[in-house]
Structures are given as structure tokens and as C-alpha cells.
Amino acid sequence: MAKYLLILILALPVFSLAQERNVTGVVKDATGSPMPGVSVVLKGTTSGTTTDGDGVYSITMTSGTLVFSFIGYTTKEVVIENQSTVDVVLEESAIGLEEIVVVGYGSQKKKDVSSAIAVVDEKELKDRPLVSVAEGLQGKAAGVQVTQPSGKPGGGITVRVRGATSVSASNEPLYVVDGVPMTDIRGLNPQDIASYSVLKDAASAAIYGLRGANGVVLITTKTGKPNQETLEFSVYGGFSKLRKMIKTLNTAEYRELMTDIHIPLDPSWTNYTDWNKEVFGTGYIQSYQLSFSGGTEKSHFMASANYLKNDGIVAPAVFDRYSVRLNMDTRLKPWLKIGSNINLLRSKTKDTPDNASSGRGGVIMSTLNTPPFLNVYKSDGSGQFDPNPFQPSWENPKAYMFGADQEVVDNRLIASFMTEATIIKGLTFKPSFAMDVNTHQWDYYQDWFRTNNGRNTHGNGASDRSTYSTWTNENLLTYTKSIEKNNFTVIAGTGLVKYKYNGAYMSGYDFPEDLRVKTMNGANVITVANTSIDDWSLASFFGRLMYDYDGKYLFTASVRRDGSSKLNEKWATFPSFSAGWRISSESFMQGIDLIDELKLSLGWGKTGNQDGLPGNYLAYGLYTYTRDTPSSPLNGPTVSQTTIGNPYLSWEITSQTNIGLDVSVLKARITFRADAYLKRTTNLILDVDLPSSVGDVSNILTNGGEIENKGLEFTVSTVNFEKEFTWNTDFNISFNRNKIVDLTYTPTTYYAPIYSNNTSVAIFTKGQPVGLFYGYIADGVDPDTGDMIYRDVNKNGYWDPGDRTFIGNPNPKFTFGITNTLAYKRFELNFFFQGSYGNDIFNSTRIDLEGMFDSKNQSKAVLNRWTPENRDTNIPRAVGGGDVYNVQNSTRFVEDGSYIRLKALTLRYNVNPELLTKFGVKNLGVYVTGQNLLTITKYKGFDPEVNAFGNSPVALGVDYGTYPQAITMTMGLNVQF
């Protein structure tokens, strides 16, 4: 035995030398030219090299597989056994041109697309703690402006594709998730998303007809891959903090201000509560996802379960989401395929009221305005919140935060089922059925004891219950045929959509003193008890022809005929076409090696807008019923008209022309896309005022306006380094200009009312952009009086409303996003900047923080207010008495809202797979991500990404105590088995 062991020990070095050897060779392209800079890596390791100037490589190894890769060429793997010399020929790849792009009711190769479509895939979302699916588009697609008007967990996201097109209807795009059309994607799990395709121009979106005017976002969720069964677990957790604090007066400074305003303070009020520290805390986020995917050549599946919880920086705001998804498809017969996508969602949301004054429940404004001498609770130990001695109805912020129990619970089922049958060669029939069912529950209860409002009402509450369902059936015929160099794809289809809503709302007060009774059956007085139903239907017929000749000349035409029950003028037709010329495929371009792809495209089409209208029965006059005290004999409730129907109301129609240019050079090391578009919406649906002689209804909806959007978009992607160290950059920038071209009936309308001065700040008028700020030009403070000087614009010698003019523009001159991805060995670094330039913000928060017209606390800025001793200042005098002259809507409160933000910074480490295989682990990655780490802006408020009026298309860029964005740090782990 010892003899054999000795022989083995002596043989080991020889065996090792025999196994470890030098492998050399030359890498050439298809023409026989040597290729320098080709990456040569031993598969599954970090061991590798690159070819020299003559295409020669040399690598020391035992056995295994060598991977040869170079941008613009197809990666090649060679199994090494006993060879010592291995020469390789790399073939040019399609440079991404064979990549499949999802389009409406089908797909196309990227090289054959002749319309404006932006694609964002799952690698752009990797390792980012996204709460909303819409967040994944921000800064990633030219022409798509994504803003988060509020930083609240689970808050709404505003998406604009090439500007706003409507005032009365929605401006959000249509979302189609795995073939299911919807307008609300809140609650969907971002970790299930495989890709977005944004149909930006009418040529691509017209196939969705009456729902395509605001663009269409096609969302594809993940599915399994053949023979690649993967069990994956992902987890991340982190915390968030307020980016910037607004400092307010302490008790001594506040007392001095109140003296100037002639509001006496009790000498015993010496306490100091820093309400910023009491209210703004630490937010937390955590997410857990388990997924299993795989399949065969005939079947694919993906199942996932996710839990996410996001606690905001201002309590009690919280968003809890539970998501379960199952995607399956299988080919039962060579001619028959079936599939389904099922998603179950449950979300729980608690709200922190914002965008309201300190007297109307706004937590943020109350934080800034509540007198600093107040305590959170009364000092008598009663548990009651300390009331404001000047205005008892102005609760302190903690009372607004925790003085009521409230929660929203939504349960949602999104499911689709399809069958695809091949009738004859090239001809398929695909019927599909989808449902989107949601149950909504909101409960509110304020006890009778702790808050001033609760004591006044002896407890109050409200409850809302609703259910909506959308049922969709589509039937699609697709025929594909090639005749020599002529390639055709023709589709023809029908669609039916049925929506139904049922809701019930109840509110009341005078609850029992037993605090366990919180439901509405405990209210002694019912103030509101309403039920409502709503429905609409949509029928559609559509078709499309896609043709190309030899991959050089491209043409697509589509038409859709839609009929909707929402208007009396139900039917409309939406045609489109696009054409493309792949100049790079022409014979005269074949000798130009620098250019890989050069394509020119032109498209035109019409789309409509039926979503988000203020009612589904606009052709009819509606009535409401008001309960009266029962009389004898009984005669029912009082009936009154609420709207006047317009049987002649027709659809808003958006026509759009797009010119595009695609360029790829240096084997796709640089790719470039440019678009120019003109988008015009006619038959704008607007409210028109009626004379008082008509009756109780003061307005009617009618077609009476036109809006134009035009712009430029540029997208550039570069491969800066492609060796052991790689560095890729993606950049996009968008310029959009909108204008109100025509208003038939009402020449000017005002929006965005400002609470403190009771005047609207946004104007909607012919010849101007949407949402312009309107007010006075402030020329500083009069050193003699301490009051603001407002410019006499109309030259009549005195200040009056006629001096108001355009004072700011909330629309940005351009928006942009830039992503850099760097990798070295097993480390990856990704940093993503996003921003906006040239937009103004109307900071109405400062009206309540610098107005000095009542007992509200103020910001530190008022320490520089005008006094007889301090005349050279830009802050007017303290006035008190509710005098709002100095806080009129003016240029004083218009600020530059431009910003550039480090939206996400991620550092990732991928553990060596060789160390993991013995544990059954395929891949293991750990990462740390920072969001909103850096924001460069001149804006004085909490955050420049803000709008107190949410997703309003006409009231933009107004800040009034809006829940701010936060800085977030997360750490995560991804494991694949």
C-alpha cells in the first residue's frame, strides 16, 4: 500500500504539468483579418486574456471551455481537451438588430421597426428598490417624463409621453400588461417585469385607437426558459431619511414675531418643541421575492411570490404589498398552444395627509406652522393632543398623524388566458380572454377624546367600499408570408371591453365612548350614505399590414374602428402608417465599414382618448337625490340636476407625425436614435360656463379647443471599454414644447387655487403653454413702508388685478437621463443620473412660511424681515390681521425648479460560481444601492420633484406642503439555485 501511495505522490507533479498547459491561437474575422482586443476567458472563472494587435492570444489552463467575445460579433465557445493551438473565426453578429421588440398585438425585429418605440429591459431595473412599476421608466426612455409628485409610500406616479394632450380626460398612457389593457398599474410587482415597450408615436399606438392618444406602455412579465430551471430568492432592506430640512423659528424668535404682529403670548409659554424632529423620522423598506422558473422546448412557466413593506419618513404613511404570480404556456400539439398569466395582489396603505394647509389637516404644513411652544400632548396627562390656543381647529402635526385610524385595503386579480392555433402554414388564430377585478376598502375613525375635531363631533368616521371589474376579449388572426424578398405580416382582430363599478360610501359622527367601537354602525348621526354604479363598454375592429422588401424598404399601415358607450357620438376611426428605409443595406453602402446601421423612418397616425373623462354618461343630464325630513304624505327625496348632457360631444383626436433616424457605428460601439415629432389634439373637451338663466347647472362639457406638442428626442448608447474592464453608457434627452392653439368658447380659465390668498396661480389661455403661472411681478420691498412693490403692468397708476401677467413656466425645456455601467472582474458599478432643466416651481409653501399674516410659525427667512431698522431687505414687514397683500401670487414665490439627481448608485459583487457549486448555488450576488443620494438644485423647498395637484395636466409644479422625496440606502442579496 505504501508503495502505491509513494508512486501516486511522485506522479502528482507530472500529472499537474501534463494537465496545465499553454493554449495559443489566432482570432480572425470572416474575411481572414486578425482581430485585436478580443476577450478570451476560461468559462466559469475570472482567468482570461485579450488578443494582441495581430489577433494572437495565449492562456495557461488545464481543461475547460474558452469563451471568445468581441462587441459586434457572435460570442463563440470552444471546448479545450488536448489541444495546444486553437484558432478561432468570429462571425459578425446582428448587432442587436435581430432583437425582438414587442409592438401592439405582436412583435418585430428591431431592424424592421419604422415607428418610435422605446424599450427598457429588466437589466435597467436590476438591484433598484422600486416600489412602483412606473418608476422603472424614469429617465430611461427619451420622450417619457416620469415624476413622483409626492414621496409618500405607494403614492401615484405621473407619466407623460410627449406632453399633455387633454384637460378633462386622462393624460396617462394606456398600460397593456401581458395583453391586458389597464390604466392603473399601482400595486404591480416591479421584480416580475421583463421589459417595457413604450409606443410613443401615433404610427405605433394607433392600433389601440380610442385609448392610444397618450402613448401605450406594453409591459411583459418574466417567463421560464427551456431547460433552465431556476429557483431564485431575492431580498433587500434599507432605510430612508429626509434630504433637506426647512428651519423654522424657535420659541424666542416666534415670540418676537408675535409681538410685531400684536398677538400676545402667555409669559409661561416657554417650551420649545422642534416639530421637524418630532415629525420627520426614519423610513424603512424591505422586500422578499421567491421565484421558480423553467420549462422545456414545448412549455414554459414562472411562479413568484413577493412581499414588500415601505414605511415612510413621515408616519403613519406605509405601503404593504403581497403579490403572487403564475405565468404558464405550453404547446399541446404542433398546431396548438395555450397560455395563462395570473397575478394576485393585496395592498394595504396608510396615508399621511399632505398638500393642505395646517388648518385643513396637512401634516407637512402643520409641522412648519405649528407654534413652537406647544407640546405634543397636554401636560395634564389626559392623553389629549395639545391644542393650538389661537385656532383650536388647527391641530398640531402629531394629532393629524395619529389622531385617527385609517387604512386602505385593495385586493386585485389580473388574469389572462389565450389559445393560439395554427390553421394553415403561416396563419394563426389567437383568441384571448382577460379579467381585472379589484375590491377596495377604506375605513376611517377619529375617536371622541384625543383631538379637538374628535371632541367637537364626539367621534367621527367614514367607510368606503367599492368593486370594479374589467373584462376583455380579443380575437386575432395573424398571417405571415414571404415571397422571395417580399415579407408580409397581416393581422386582423376584434376586441370587446366591459367595465363595471359598484360603490358605497358612508360617513357620520357621535360615536360611543367605548373606543373599541370604530365601525359605522356606531355612529349616532349619519351624514352621508350613498351607493353608486357605473359602467362602460368598448367594441373594436382593427387590422395591420407589415411589409418589408429584402429588409431594406419597410412599410406598416394600420386602422382601428372603435365604438365606446361613453359618448353619444360613439364611433371613430384611427388610421396610421409608417415607412422606413435601411440605407445601410443598400449596395452603395457595403464598402463603408464604419456604419453598421443607418435607417430613416417616417410615420403618421391618429389616436383617441376615452380614459379619465369626468363621467361615463356625458351625453345625458344627470340628477342627484337629497334626503329630506319625511313628510305626510311621503313624497321621496328632493331631485336636482347636476350635469347637462351634450349629445353632440365627440372624441378628442390626436394626430401625430414622426421622423426618426437610427445610426449604429463601429460594430455597435455607438448607437444613436433621433426623433422629431408634431402632435396636435383637436376637439379638446372643455368645461364651458353657462348663463345663470340656464338653471342650477353652471357649465357644460363641449368640444372647444386644440393643443399642440412638438419636440426632439435623442438617445445615445456607447461601449466605452470592452475588455476585462467594461464600461457602457446610455444617455437620453428630450425637448418638448406645448401650446394651446385654439379655444372656441372660454378664452381663459384659471387653475391651481392657492389656499392662503384665495387666488389661482395657473392659467389656461390661447397661444400659451399649458399650466403657465399667472400673477404679479414683485419688484422688491418698499424701504419706506415695508410692503411688497408690485409692477404696474397695465400702466393705470395703481395696483389692481389687471397688473397680473405670466410669471413662470412649469414645463421643462428638457429632461434627461444618463446611466453608466462599469464592471471589473466580479464587481459591477452602476450610477444613474436623471434631471430636468428650465422648469419653474411655484413655492406656495413659502406663502405660509413668510407671510407673517397670522399666528402660524414661520421659517428662519423672516428673521430678515423689514423693520424700521432693517429697510434693505427682500422680506416684507410682519402685518398680522390676516392681511395677505404681501403674499399675492407673484414672482416672489416662483423659483427655478431645475435639478440633476443621482437617482440610483449601485455597487454589486458576484461571488465566484466555483465556490458555490458544492452548495447547489448557481449564482450569488450582493449589492448596496443608494437612491436620491445627491440632488443639485437651486430650489428652496424640500424637493424639486413635486406637484401639490398630483397628476393634473393644467396645475403643474406647485408645492404646498407636499410629502418630500427621501434619500434611501438599501442592501440586497440575490441567490439562484
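Modeller: Let's start with A966, which counts as buried because its relative accessible area is 15%; buried means under 20% relative accessible area, exposed over 50% and partly exposed in between, using a 1.4 Å probe and protein chains only. Before going on, bear in mind that this is a predicted model, so local features need pLDDT of at least 70, side-chain atom pairs count only at pLDDT 80 or more, and totals for chains, interfaces and linings use all residues. Residues are numbered from 1 along each chain as its sequence is written, and side-chain values use heavy atoms, with hydrogens and water left out.

A966 belongs to strand 51, residues 966-976. Strands (E, at least two residues) and helices (H or I, at least four) are DSSP runs, numbered from the N terminus. Leaving out neighbours within four places in sequence, A966 is in contact with S240, K241, I313, Q931 and N932, where contact means heavy atoms within 4.5 Å. F827 is 139 residues away along the chain, and its C-alpha atom is 27 Å from that of A966.

N932 sits in strand 49, residues 923-937, and is buried at 7% relative accessibility. Its phi is positive, near 60°, and N932 is not a glycine. Most residues other than glycine have a negative phi, and most peptide bonds are trans. R162 is another non-glycine residue with a positive phi, about 60°. You'll find R162 in the loop between strand 12 and strand 13, buried at 1% relative accessibility. As for peptide bonds, the one joining A315 and P316 is cis, with omega about 5°. P316 is in the loop between strand 19 (299-311) and strand 20 (318-333).

Now for the greasy part. A nonpolar core here is a set of buried Ala, Val, Leu, Ile, Met, Phe, Trp, Tyr and Cys residues joined through side-chain atoms within 4.5 Å. The largest one has 27 residues, and V159, Y175, M182, I185, L188, Y196 and I219 have the most contacts inside it. Strands 10 (117-121), 11 (144-147), 12 (158-161), 13 (174-177), 14 (180-182), 15 (193-199) and 16 (216-221) each supply at least two of its residues. Strand 15 gives the largest share, 3 residues. If you click on M182, look for L174, Y175, V177, L188, R412, I414 and D436, which M182 touches once residues up to four places away in sequence are set aside.

Next, the rings. Rings of Phe, Tyr and Trp (its six-membered ring) pair if their centres lie within 6.5 Å; planes under 30 degrees apart count as stacked, over 60 as edge-to-face, and the rest as tilted. The whole structure has 40 aromatic pairs. Y57 and F68 make an edge-to-face one, 5.4 Å between centres and 75° between planes. Because Y57 is in strand 4 (residues 56-61) and F68 in strand 5 (residues 64-69), the pair ties together parts 11 residues apart in sequence. Both Y57 and F68 are buried. F842 and F893 have ring centres 6.2 Å apart and planes at 75°, so they are edge-to-face too. This pair links distant parts of the chain, 51 residues apart: F842 is in strand 46 (residues 840-843), and F893 is in the loop between helix 8 (845-850) and strand 47 (894-896). F842 is buried at 0% relative accessibility, and F893 is buried with a relative accessible area of 0%. There is also a cluster in which ring pairs link F672, F714, F735, F814, F816 and Y837.

Finally, confidence: pLDDT is the predictor's confidence in each residue, from 0 to 100. The chain's mean is 91, with 97% of its residues at 70 or more.
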